[in-house]
Amino acid sequence: MEKNRKNKTLTIPPGRIVPAIGLGMWYFGEDAGAYFKETALIRKALEIGYRVFDTAEMYGNGGAEEVLGEAVSDCRKEVFLTSKVSPEYTSYESIIEACDKSLERLQTDYLDMYLLHWGMARGHPEEVLEAFTDLKEDGKIKAFGVSHFDLCDLKEWLKITGADGTAMNQAYFNLVHRQMEKELLPFCQKRRIPLIAYAPLDVYPSVYENRILQKIAEKHEATPRQIVLAWLFAKDNVGILVKAQNEKELNSFFQAQFITLSAEEEDALNLAFPVR
């Protein structure tokens, strides 16, 4: 595999530089019997080089936060932790309380990023933003953002006084699901709001059998999944959250950031998997 060994990074407003790859915690914390296996996997991720970890209070009803908190308890200042407030919490008081509970489960006194988990239509965005602002002023969160916001939601959110501090938007984005490239990604790039692609590998299995994708993978001595990730890594202002089930996947996904696709290879992938 031809590699450029420089780790991909992302700039979080107003200027914090963090790794562009992170490990997502969705499906963690759902089975109490998997607690030790999951904490061990996170610690292996740390050994490999992962420093960004994404969770939410709704993952495993708080279980994912507990697993993650235990796994990084002895290296908290080395990692970037993101969590999300559940969409049913829309009042100022409920969000403050939810954040405090997340901090307790994560065994920390601050979050690097706190997100509103889902869109504008579920509540009172002014109260959400007021809570986020106060949490930031109190040092309980370093930055705030949103998740699952489409372009309309994001524009409405940014009209609220103080929302110009929004430092992240998470979206379902991969080589097959590219709708956000029409409007949402260009908007986020213009506003310098990092777009974090979750589920970057969740496509139909047949996609990985595409001959063009396989040929590019063969050229780089890589797997088709690594090429799918490399395609995303090449995008400006885009970060990636992967889900891994074992050490092999952790290593493989982490190494994908060191693959540099040629312009011809990117064009070939864009032609094989067009924006629809």
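Which residues of β10 are buried on one side and which on the other? Val238, Ile240 and Val242 lie on one side of the strand and Gly239 and Leu241 on the other, and all are buried, where buried means under 20% relative accessible area, exposed over 50% and partly exposed in between, with a 1.4 Å probe and protein chains only. The structure is a predicted model, in which local features need pLDDT of at least 70 and side-chain atom pairs count only at pLDDT 80 or more, while totals for chains, interfaces and linings use all residues. Residues are numbered from 1 along each chain as its sequence is written, and side-chain values use heavy atoms, with hydrogens and water left out.

**The barrel**

- A barrel is closed by 8 strands in the order β3-β4-β5-β6-β7-β8-β9-β10, with parallel pairing; the twist from one strand to the next averages 30°.
- Helices (H or I, at least four residues) and strands (E, at least two) are DSSP runs numbered from the N terminus, and two strands pair if DSSP finds at least two bridges between them.
- Strands of a sheet pair through backbone hydrogen bonds, either parallel or antiparallel.
- Strand β3 (residues 21-24) pairs with strand β4 (residues 52-54) in the parallel sense over 2 bridges, and Leu23 has Phe53 in β4 as its bridge partner.
- Strands β3 and β10 run parallel and are joined by 3 bridges; Gly22 stands opposite Leu241 in β10.
- Strand β9 (residues 195-198) is likewise joined to β10 by 3 bridges, in parallel, and the bridge partner of Leu195 in β10 is Val238.
- Strand β10 (residues 238-242) is largely enclosed by the rest of the structure, because 5 of its 5 residues are buried.

**Helices around the strands**

- Helix α2 (residues 63-71) is largely enclosed by the rest of the structure, since 7 of its 9 residues are buried.
- The buried residues of α2 are Gly63, Ala64, Glu65, Val67, Leu68, Gly69 and Ala71, and what covers them includes α1 (35-48), β4, β5 and α3 (92-105).
- Helix α4 (residues 125-137) lies across β5 (80-85), β6 (113-117) and β7 (144-147), and runs at about 170° to β6.
- The axes of α3 and α4 come within 8 Å and cross at roughly 40°; axes are lines fitted to C-alpha atoms, for helices over the stretch in contact, and angles run from 0 to 180 degrees between N-to-C directions.
- Helices α3 and α4 are therefore oblique to each other, given that angles under 35 degrees count as roughly parallel, over 145 as roughly antiparallel, 65 to 115 as roughly perpendicular and the rest as oblique.
- In this pair, Tyr92, Glu93, Ile95, Ile96 and Cys99 of α3 meet Glu127, Val128, Glu130, Ala131, Phe132, Asp134 and Leu135 of α4, contact meaning heavy atoms within 4.5 Å.

**Leu116 in β6**

- Leu116 is found in strand β6 and counts as buried at 8% relative accessibility.
- Not counting residues up to four places away in sequence, Leu116 touches Val85, Val128, Phe132, Gly145, Val146, Ser147, Phe149 and Trp157.

**Cysteines**

- The count comes to 0 disulfides, a disulfide being a pair of cysteine sulfur atoms within 2.5 Å.
- Cys75 is buried, with a relative accessible area of 11%, and its sulfur is 20 Å from the closest cysteine sulfur, in Cys99, too far for a bond.
- Cys152 is exposed, with a relative accessible area of 53%; the sulfur of Cys152 is 14 Å from the closest cysteine sulfur, in Cys188, too far for a bond.
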